[in-house]
Amino acid sequence: VHEAVRQCHLPLWNGVHMFTSYASYDRFEPTGETVPLSRLDRYMLHETEMLRAGLEARMEAYDFPAWYELIVAYITLFSTWYIRLTRSVMWESGIDERKRAIYEVTYAALSTVAKLIAPFMPYLAEGVHVALGGKQAVHLEDWPAPHENWLDAEVSAEMKAIRKVVYLARTIREDRGIKHRHP
C-alpha cells in the first residue's frame with residue numbers, strides 16, 4: 001500500500017492540486033478547443049490515448065498486473081515530465097496562448113485518467129474527478145472514447161529518445177556521485 005501511495009496516489013494528486021490551484025487563480029475554464037500545442041503537449045495527449053488503448057487491451061486479457069504497470073508509468077510520465085516541464089509556465093502571471101494550451105491538455109489528460117482509473121482506484125478517481133469540477137460520480141461517466149487525433153507517433157518517438165538520453169545522463173551522474181543541481 002505504501003508503494004502504491006508513493007508511486008500513484010501522491011504524484012497524481014500533487015499534479016491535480018497544482019493544476020487546480022493555478023487554473024482557478026487564472027480563472028481557467030476548459031473549452032476543449034484545439035489550441036496551438038507544443039510537442040510536449042502533443043506527447044502528453046498521445047500517451048493519454050495510449051493509456052486508454054493499453055488498459056482496454058489488458059482488461060480484455062484479464063492481465064491485472066499489466067494494467068497497474070501502465071497506470072504507474074503514465075502517472076510517472078505526467079508528474080515527472082509534463083508537470084515538471086510546464087510548471088514554470090503555470091507560475092507566470094496572466095494567461096496567454098501557451099498557458100491556455102497547457103491548461104487544456106492537463107485538464108483533458110486528468111479528466112480522461114480519472115475515468116480510466118475508476119475501475120481500479122475508485123476513491124482516487126473520484127477525488128480527481130471532483131477536483132476537476134465533475135458534477136456526477138466518475139463511475140456514472142462513460143468510458144473515454146478513442147481520440148485518434150491525439151495520436152502522434154513521431155512526437156512520441158522523439159520524446160522517448162529524449163527521455164532515454166536524460167535517463168542515461170542521470171545514471172552516469174548518480175554513478176559518479178554528482179548531484180543533479182550541479183553542472
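Reader: Hi! Where does R173 lie?
Author: R173 lies in helix α6, residues 153–176 (helices are DSSP runs of H or I, at least four residues, numbered from the N terminus). This is a predicted model, where local features need pLDDT of at least 70 and side-chain atom pairs 80 or more, while totals for chains, interfaces and linings use all residues. Residues are numbered from 1 along each chain as its sequence is written, and side-chain values use heavy atoms, leaving out hydrogens and water.

Reader: Is R173 buried or exposed?
Author: R173 is buried (under 20% relative accessible area; over 50% is exposed, in between partly exposed, with a 1.4 Å probe and protein chains only). Its nearest side chain of opposite charge, E174, is 8.1 Å away.

Reader: What does the R173 side chain reach?
Author: The backbone oxygen of K179, at 2.4 Å.

Reader: New topic: how many aromatic pairs are there?
Author: The count is 8 (Phe, Tyr or Trp six-membered ring centres within 6.5 Å; planes under 30 degrees apart are stacked, over 60 edge-to-face, the rest tilted). One of them joins F28 and Y103, a tilted pair at 5.1 Å centre to centre with 50° between the planes.

Reader: Which parts of the chain does that pair link?
Author: Distant ones: F28 is in the loop between α1 (2–25) and α2 (39–60), and Y103 is in helix α4 (residues 97–117), 75 residues apart. F28 is buried at 6% relative accessible area, and Y103 is buried at 0%.

Reader: What about Y62 and F64?
Author: Y62 and F64 are edge-to-face, 6.5 Å centre to centre and 65° between the planes. Y62 is exposed at 64% relative accessibility, whereas F64 is partly exposed at 48%. Ring pairs link Y62 and F64 with W67, Y68 and F120 into a cluster.

How values were computed
Helix = DSSP H or I, 4+ residues; strand = E, 2+ residues; numbered from the N terminus. Lys, Arg positive; Asp, Glu negative; His and termini not counted. Salt bridge = Lys/Arg side-chain N within 4 Å of Asp/Glu carboxyl O. Polar contact = N/O pair within 3.5 Å; in protein donor to acceptor, adjacent residues only side chain to side chain.
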